Amino acid sequence: MLFLGPEVDWFALSPYLTMVGGALMLMVVGALTSRWPRGLTAWTTVAVTAASAVLALLAWNDIGDSGPTTLVGGAMAHDRFALFVALGMLGATALVALITDGELRGGENDGPEIYALLLTAATGAMVMAAANELIVMFLGLETLSLALYVLAASDRRRSGSQESGMKYFVLGGFASAFFLYGIALLYGGTRSTSISEIVERFQTTVAADRNDALVLAGVALLLVGLAFKVSAVPFHVWSPDVYQGAPSNVTAFMASVGKAAAFAAMLRVLVVALPFHRDDWRPAIWVLAVASLVIGSVLAVVQTDVKRMLAYSSVSHAGFILVGIEAAGHRAGEADAGSGVQAVLVYLVLYGVLVVGSFGVATVVARGNDGDTSLSAFAGLATRRPTLAVAMTVFLLAQAGVPLTSGFVAKWGVIQEAVAERSYAIAIIAMLAAVIGAFLYLRIMVSVWLQPSPDGATTERVPALTGFAIGIAALVTVAIGVWPDWLLSVSESVSAYAR
Amino acid sequence: MVAAMTSAVAFPLLTTLIFLPAAGALVVAMLSSRRPEYMKMTALLASVATGAVSIWALRNFDAHSGGFQFTSQHPWIESWGISWHLGMDGISLFLVVLTGVLFPLAIVGIDPHNDDPARDKPYFAWLLLLEAGVMGSFLSLDLFLFFVFFEIVLVPMYFLIGGWGYEGRVYAATKFFLYTMVGSAFMLVSILATVFIARANGLGRVTFDLIELAEGASFAASTGRWLFMGFAIAFAVKVPVFPVHTWLPDAHTQAPTAGSVVLAGVMLKLGTYGFLRFGLYLFPEAARWSRSLWLTLAVIGIIYGAIAATMQKDLKRLVAYSSVAHLGFIVLGTFAFTSQAITGSVMQMVNHGVSTGALFLMVGMIYERRHTRQISDLRGIQHVAPVFAAAFTLVMLSSIGVPGLNGFVGEYLILIGSFLTARWWVVVAATGVILAALYLLWAYQRVFHGEPDEDNRAFPELRWREAMTLLPFLGIIVFTGVYPKPMLERIEPAVDALIEHVSDRTGYVEPQPVAVVVDDGHEEGE
């Protein structure tokens with residue numbers, strides 16, 4: 001019997017292949033050559049992501065001509081949904097690489113391994129967003145997660161980092177098992193793991209022929225797995241510990257790229273594959289959203305460590321994104337499905353930039369204070385590093401959703417969708433949670449601006465590349481806040497999925 | 001950004017009013033910290049230029065038109081139906097001029113008290129940014145744009161109170177920020193709901209344009225009421241109306257003097273202005289329906305504010321509570337739904353800005369001299385600083401509402417205009433006028449009368465710079481009090497247009513007042 005491989009559109013896959021190739025090259029060349037000149041690894045990583053981004057942009061145009069298709073025998077989706085998320089992830093990865101250089105340079109961990117792992121993790125994340133087959137999605141998830149477990153534990157000098165990696169590994173493995181079991185049950189109910197085929201089954205089979213109990217159980221387990229990855233309440237308990245313990249540059253990656261990948265996967269599973277069960281999963285999303293919003297922002301307020309605060313605030317942001325998914329769930333699968341998915345993707349991309357900037361500032365402060373990221377380490381930052389303080393303020397105001405920042409555009413987008421779908425209750429809860437969250441950001445700002453530097457505080461050294469990355473992130477935050485129209489019109493076509 | 005650039009080509013007046021102070025803030029922020037003397041000059045220059053543009057707008061304002069003038073409209077976020085739409089009518093005109101005049105005075109009148117002159121830089125930058133935000137709020141004719149400005153003013157004010165305020169500043173600044181933000185949360189959802197419900201009821205598309213929404217959309221009574229309440233919560237917090245006023249005394253007392261002047265002078269008016277522009281105009285039915293609630297809260301505010309002011313030991317807190325009472329009058333006039341009362345309200349917004357702004361300025365001067373605001377620490381200042389006392393007396397009498405000064409015209413119009421539609425509320429509110437005389441005169445007596453003791457004997461007289469700062473305030477107080485006609489005839493057409501809009505939508509018929517005579521002999525009313 002002759003085995004016929006599926007047709008492969010190499011060009012459409014090139015953004016992913018570039019990333020894999022870049023990771024392999026860094027590993028192999030890095031191992032074979034002597035120590036690289038300063039900053040070269042970071043810039044190589046940035047170059048790889050840039051090359052991948054250029055290819056993704058070409059593919060984006062390509063889709064404009066030929067429409068969304070599937071790749072490799074329907075395993076991957078070639079649509080603007082995937083590419084939009086991928087471009088956001090590539091940007092965030094490049095910023096994280098720059099921050100990583102500032103964090104590692106001169107230390108014993110400096111070397112190509114960390115960067116190779118970052119590229120690998122980003123590839124996994126991109127594959128998750130582009131998966132049109134649940135098994136491929138799982139592969140992407142594992143590629144991302146395994147790289148992240150190692151990255152979280154990568155700071156060998158600190159036991160906190162190892163503890164963080166271990167926690168993430170054990171709980172993440174647990175969540176992956178849920179996810180896999182969910183796929184199995186869904187397969188039992190629909191006789192396929194391909195999103196295209198699942199959708200087709202629902203369209204052609206009458207309800208009586210489907211095994212809905214298995215499908216629903218499968219959806220529930222998939223939701224648990226994904227809710228863990230996006231750290232939605234009540235599956236969030238790992239995130240403060242892991243965020244705090246992991247090196248700040250890795251935390252920035254988790255909170256931006258990792259979160260975006262999990263949310264993109266959630267949209268693929270719920271909105272693209274299972275719109276027929278939207279009335280079943282939407283209430284669950286509602287509960288997750290409200291719980292994340294309220295508990296995330298309330299617990300954030302009582303923290304004393306800035307990284308932990310940002311961890312809880314990222315739980316609250318996950319709640320906001322879930323509000324968008326809830327809105328997208330009202331008319332999922334219909335011809336006029338609303339723009340909930342667009343709002344969610346815009347939120348993911350903008351939040352990714354914001355959070356990398358915020359943790360970037362945290363890396364600088366932590367380095368200047370022996371790894372201390374408590375609120376008191378930030379005290380008087382404005383007198384020591386005024387420009388850094390301004391950047392941090394921009395990020396915090398944006399996270400609080402103050403107008404003329406990208407955070408406001410992101411929040412306005414999801415709330416707009418919720419209100420358009422008449423989910424008034426969740427919209428009001430979200431806005432009130434944002435007020436609680438604002439108190440948290442004010443607390444950090446008070447520390448930065450209004451408290452004096454402690455006696456004998458040394459002025460933090462800002463590594464050039466970290467400063468550059470923070471500057472870019474702040475610039476994007478303000479620019480999108482003032483002129484969001486281009487991003488919104490660019491993202492209009494993301495809800496034309498391939499399946 | 002693009003909207004700003006394209007609109008700058010044709011010299012749009014109102015856009016300039018917003019961008020001039022914003023650009024000034026940017027320039028101040030980029031100046032070297034080592035030359036603090038340039039900062040004040042730059043800030044002053046930017047704010048004086050803005051003030052000049054606002055006065056130029058006043059000169060070119062067509063007094064006989066009730067519609068929006070100097071409008072400019074440019075697409076901003078087209079995907080969401082949002083445009084950079086500015087316009088000015090008789091209701092916003094004087095608030096804009098007040099903003100333009102008050103900021104340079106606040107900048108020149110009193111310096112931030114801090115030991116490090118390098119810290120002046122953010123102070124002036126924040127003040128100018130605040131001016132841009134306030135201007136934007138008064139000029140926006142797009143719900144999104146209004147919300148952006150309404151929210152953005154919180155940030156500079158937060159930093160002004162938190163950075164240059166007095167002992168309890170961080171608490172007061174945070175309280176101020178969070179209170180206002182809770183209100184805004186409801187308004188944001190309400191704005192979005194308004195837009196989407198309007199799309200389904202008459203408009204057929206998503207637009208945030210105020211005029212299109214108000215003229216084109218119709219809401220079912222119950223829907224309109226919910227939407228109105230969402231807006232009203234935000235405005236009530238900002239005004240502040242009685243049960244949600246508690247942020248105000250803290251914020252006012254802790255803010256630096258310039259902050260208090262601006263807060264009382266123009267920022268509180270964002271609330272009362274919002275009620276008129278967005279409450280009554282967008283949801284006339286709901287505003288009519290809920291008027292008893294607002295009238296009652298307004299009257300409670302008048303009485304409560306006055307009684308609380310009487311009991312204060314801190315001079316600044318006293319003025320703060322008097323604001324609660326004064327703004328009660330403005331809300332009373334707004335929800336009386338007569339042309340006279342609303343005209344009086346608009347006028348009183350300006351009057352309160354002038355007189356309370358001046359009061360805060362003078363309390364700040366007292367603090368600079370004596371480093372205390374406690375009434376019990378001050379005595380007999382009249383003997384050592386008679387000019388200062390005279391200026392204080394004039395401002396105080398204006399605040400009480402003595403005939404011949406500006407406060408009287410506004411309060412009188414509100415009371416007489418409201419009498420036709422809200423008789424019993426007015427009866428109670430009128431006692432507030434007497435209480436105002438009580439708390440202010442009593443405070444004056446304790447601070448300025450009597451024999452000065454050891455500490456107060458060295459109280460310096462009014463300096464030239466201070467006198468020059470106060471002079472415009474005193475001039476406006478006397479001029480508007482004696483000759484309010486130019487102001488009233490510019491406000492009235494816009495107010496009449498608003499009342500007409502309410503009548504069209506709700507079938508409400510404005511009761512016609514009998515002719516009344518204002519003190520200058522000018523005939524008011526029909």
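This is a predicted model: local features need pLDDT of at least 70, side-chain atom pairs count only at pLDDT 80 or more; totals for chains, interfaces and linings use all residues.
## Chain A as a whole

Chain A contains 19 helices and 2 strands.

Of the 499 residues in chain A, 61% count as buried.

## Chain B as a whole

In chain B there are 24 helices and 4 strands. Its radius of gyration is 22 Å, close to the 24 Å given by the globule rule for 526 residues, so chain B is as compact as a globular protein of that length. A box of roughly 75 × 55 × 40 Å, taken along the principal axes, is filled by the C-alpha atoms of chain B.

Buried residues account for 60% of the 526 residues of chain B. Of the contacts in this chain between residues at least 6 apart in sequence, 78% link residues at least 24 apart.

## Helices H3 and H5 of chain B

Helix H3 of chain B covers residues 36-60 and helix H5 of chain B covers residues 120-139; their axes come within 9 Å and cross at roughly 10°. Because an angle under 35 degrees counts as roughly parallel, H3(B) is roughly parallel to H5(B).

On the H3(B) side, the residues that meet H5(B) are Pro36(B), Met39(B), Lys40(B), Ala43(B), Ala46(B), Ser47(B) and Thr50(B). Their partners in H5(B) are Asp120(B), Lys121(B), Phe124(B), Leu127(B), Leu128(B) and Glu131(B). By class, this contact has 7 nonpolar, 2 polar and 4 charged residues. In general, an α-helix has 3.6 residues a turn, so residues three or four places apart point the same way.

## Helix H15 of chain B

Helix H15 of chain B runs over residues 291-311. At 1.5 Å a residue, its 21 residues should span 30 Å, and the end C-alpha atoms are 30 Å apart, which agrees.

Several residues of H15(B) are buried, among them Trp294(B), Leu295(B), Ile302(B), Gly305(B) and Ala309(B). The buried residues of this helix pack against helix H16 (315-334) and helix H21 (423-448) of chain B.

## Gly245 of chain A

Gly245(A) lies in helix H9 of chain A, which comprises residues 238-245. Gly245(A) has 24 C-beta neighbours inside 10 Å and therefore counts as buried, the cut-off being 20 or more.

Leaving aside residues up to four places away in sequence, Gly245(A) touches Gly160(A), Ser161(A), Glu163(A) and Ser164(A). The C-alpha atoms of Gly245(A) and Ala153(A) are separated by 8.6 Å, although the two residues are 92 residues apart along the chain.

## The contact between the chains

The contact draws 28 residues from chain A and 25 residues from chain B. On the side of chain B that touches chain A, the elements giving two or more residues are helix H6 (143-152), helix H7 (154-164) and helix H8 (169-203) of chain B. H8(B) provides the largest share of this side, with 13 residues. The residues on the side of chain B that touches chain A comprise 19 nonpolar, 4 polar and 2 charged.

Note on methods
Residues are numbered from 1 along each chain as its sequence is written. Chains are lettered from A and ligands numbered from 1 in the order in which they are written. Two residues are in contact if their C-beta atoms, placed from the backbone, lie within 7 Å. Ala, Val, Leu, Ile, Met, Phe, Trp, Tyr, Cys and Pro count as nonpolar, Asp, Glu, Lys and Arg as charged, and the others, Gly among them, as polar. Axes are lines fitted to C-alpha atoms, for helices over the stretch in contact, and angles run from 0 to 180 degrees between N-to-C directions. Angles under 35 degrees count as roughly parallel, over 145 as roughly antiparallel, 65 to 115 as roughly perpendicular and the rest as oblique. The radius of gyration is taken over C-alpha atoms; the globule rule is 2.2 Å times the number of residues to the power 0.38. A residue is buried if 20 or more other C-beta atoms lie within 10 Å of its own, exposed if 12 or fewer, and partly exposed in between; C-beta atoms are placed from the backbone. The expected span of a helix is 1.5 Å times one less than its number of residues.
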